[in-house]
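Subject: Handover of a structure

Hello,

I am passing this structure on to you. Please look at it first, then read the notes below.

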Amino acid sequence: MTMMKAPTSTSYSYLILAPVAILLLLFLLSSLNRTGAGGGSDGLGVLCARRAVAGHPAAAVSARAEAAEPEPEPELSLLVGILTMPKRRERRDIVRLAYALQPAAQGARVDVRFVFCNVTDPAEAALVALEIMHHGDIIVLDCAENMNDGKTYAYFSSVPRLFAAAPYDYVMKTDDDTYLRVAALVAELRPRPRDDVYLGYGYNMSGDPKLFMHGMGYVLSWDLASWVSTAEEILARNDTLGPEDLMLGKWLNLAGKGRNRYDLKPRMYDLSWDMDNLRPDSVAVHMLKDNRRWATTLRYFNVTAGIKPSELYHLP
């Protein structure tokens with residue numbers, strides 16, 4: 001594996017896309033649309049909602065009514081970053097639907113974002129720009145695409161700066177082959193402290209009594225993510241390269257951080273080869289590597305309840 005020079009902690013910014021002309025043009029169009037729809041620039045997360053208001057009078061009335069009655073402050077907030085790659089558009093569409101059709105986590109603000117590194121292919125860059133304009137749920141980091149050569153560090157070290165104006169209580173890293181049951185996770189987080197938290201599928205390495213959290217998905221409290229973004233010792237040791245879940249556990253262990261560790265086994269687990277180990281109290285199901293495994297999981301949790309393929313309309 002080619003070793004990549006460790007990125008500096010100040011090199012990341014929100015939506016730094018590949019330097020190709022078509023991408024820049026589309027991104028500028030996105031910015032114009034976002035401003036024209038409602039003024040201001042409070043982020044891509046509201047882009048789709050604003051377009052709905054602009055295009056439908058009834059939606060505009062509903063939006064004004066909601067604006068007149070501000071929602072109560074959430075009990076907790078969670079950012080879910082799904083690490084993926086630009087070319088996996090079909091997977092992102094499946095994951096978007098899987099999360100959109102889940103019941104809301106009551107009393108919580110949960111934002112789901114797809115995360116990948118610089119988009120260097122011109123065709124991919126144009127398609128990613130269209131996704132950003134339509135969905136507003138992508139973060140592109142200033143790094144070369146990789147799995148274990150610093151991408152997770154790039155993510156956690158960028159988040160505190162990207163969302164400094166509206167920080168979260170917790171930041172999660174997960175993958176695009178993990179189905180996360182958001183309400184179940186929020187229920188686990190609700191009674192936990194809001195600082196020094198490291199939560200996920202725990203395991204031990206080399207006799208170390210301190211748990212490492214499996215890369216299928218783990219949560220850091222905001223203070224730990226902020227620490228990662230400023231911890232010069234991580235870069236000094238070149239500790240961004242290697243299995244990302246082990247590296248993150250190592251950072252915390254060496255610094256004496258993450259004292260509030262919570263192991264969610266057996267509610268977080270890998271889906272078996274025969275797909276026969278799903279359980280109703282699941283928090284996260286990992287190893288959904290193809291559409292068949294996604295379909296089996298979604299059927300089990302009744303995401304597709306009431307839909308019978310035999311009753312679907314077919315074109316002649």
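Helices (H or I, at least four residues) and strands (E, at least two) are DSSP runs, numbered from the N terminus. This is a predicted model, in which local features need pLDDT of at least 70, side-chain atom pairs count only at pLDDT 80 or more, and totals for chains, interfaces and linings use all residues. Residues are numbered from 1 along each chain as its sequence is written, and side-chain values use heavy atoms, with hydrogens and water left out.

**Overview**

The protein chain has eleven helices and ten strands. Of its 316 residues, 47% are buried. Buried means under 20% relative accessible area, exposed means over 50%, and partly exposed is in between (1.4 Å probe, protein chains only). Now the contacts, where contact means heavy atoms within 4.5 Å. Take those in the protein chain with a separation of 6 or more: residues 24 or more positions apart account for 72% of them.

**The sheet**

What is the strand order of the open sheet? Its seven strands run β3-β2-β1-β4-β7-β6-β8, and the pairing is mixed. Two strands count as paired if DSSP finds at least two bridges between them. β3 and β8 (260-263) are at the edges and have a single partner strand each, so one side of each lacks a neighbour in the sheet. From one strand to the next, the twist averages 25 degrees. As background, strands of a sheet pair through backbone hydrogen bonds, either parallel or antiparallel.

Next, some of the pairs. Strand β1 (residues 76-83) and strand β2 (residues 108-116) run parallel, joined by eight bridges. The chain goes from β1 through α4 to β2, a β-α-β crossover that is right-handed. Right-handed here means that, with the strands pointing away from the viewer, the path from the first strand over the helix to the second runs clockwise. L79 has D111 in β2 as its bridge partner. G81 is opposite R113, also in β2. β2 also runs parallel to strand β3 (residues 138-140), with three bridges between them. There, V115 has I139 in β3 as its bridge partner.

**Helices on the sheet**

Helix α8 (residues 222-230) lies across β4 (170-175), β6 (197-203) and β7 (212-221). It runs at about 100 degrees to β7. Helix α10 (residues 244-255) packs on the sheet too, touching β4, β6, β7 and β8. The direction of α10 makes about 40 degrees with that of β7. For these angles, axes are lines fitted to C-alpha atoms, for helices over the stretch in contact, and angles run from 0 to 180 degrees between N-to-C directions.

**α4 and α11**

How do helix α4 (residues 89-100) and helix α11 (residues 291-300) cross? Their axes come within 12 Å and cross at roughly 5 degrees. The two helices are therefore roughly parallel to each other. The cut-offs: under 35 degrees is roughly parallel, over 145 roughly antiparallel, 65 to 115 roughly perpendicular, and the rest oblique. On the α4 side, E90, R91, I94, V95 and A98 take part, meeting N291, W294 and L298 in α11. By class, this contact has five nonpolar, one polar and two charged residues. Ala, Val, Leu, Ile, Met, Phe, Trp, Tyr, Cys and Pro count as nonpolar, Asp, Glu, Lys and Arg as charged, and the others, Gly among them, as polar.

**Single residues**

R92 also lies in α4. Is R92 buried or exposed? It counts as buried, because its relative accessibility is 0%. Beyond its neighbours within four places in sequence, R92 is in contact with T84, M85, P86, F114, F116 and E131.

T120 sits in the loop between β2 and α5 (122-135). At 66% relative accessibility, T120 counts as exposed. T120 and P86 are 34 residues apart in sequence, and 9.8 Å apart in space, C-alpha to C-alpha.

**Backbone points to look at**

Most residues other than glycine have a negative phi, and most peptide bonds are trans. The peptide bond from K265 to P266 is cis, with omega near 0 degrees. P266 is in the loop between β8 and β9 (268-270).

M275 is not a glycine, yet has a positive phi of about 60 degrees. M275 lies in the loop between β9 and β10 (284-286). With a relative accessible area of 12%, M275 is buried.

M287 has a positive phi as well, near 75 degrees. M287 lies in the loop between β10 and α11. Its relative accessible area is 30%, so M287 is partly exposed.

Best wishes
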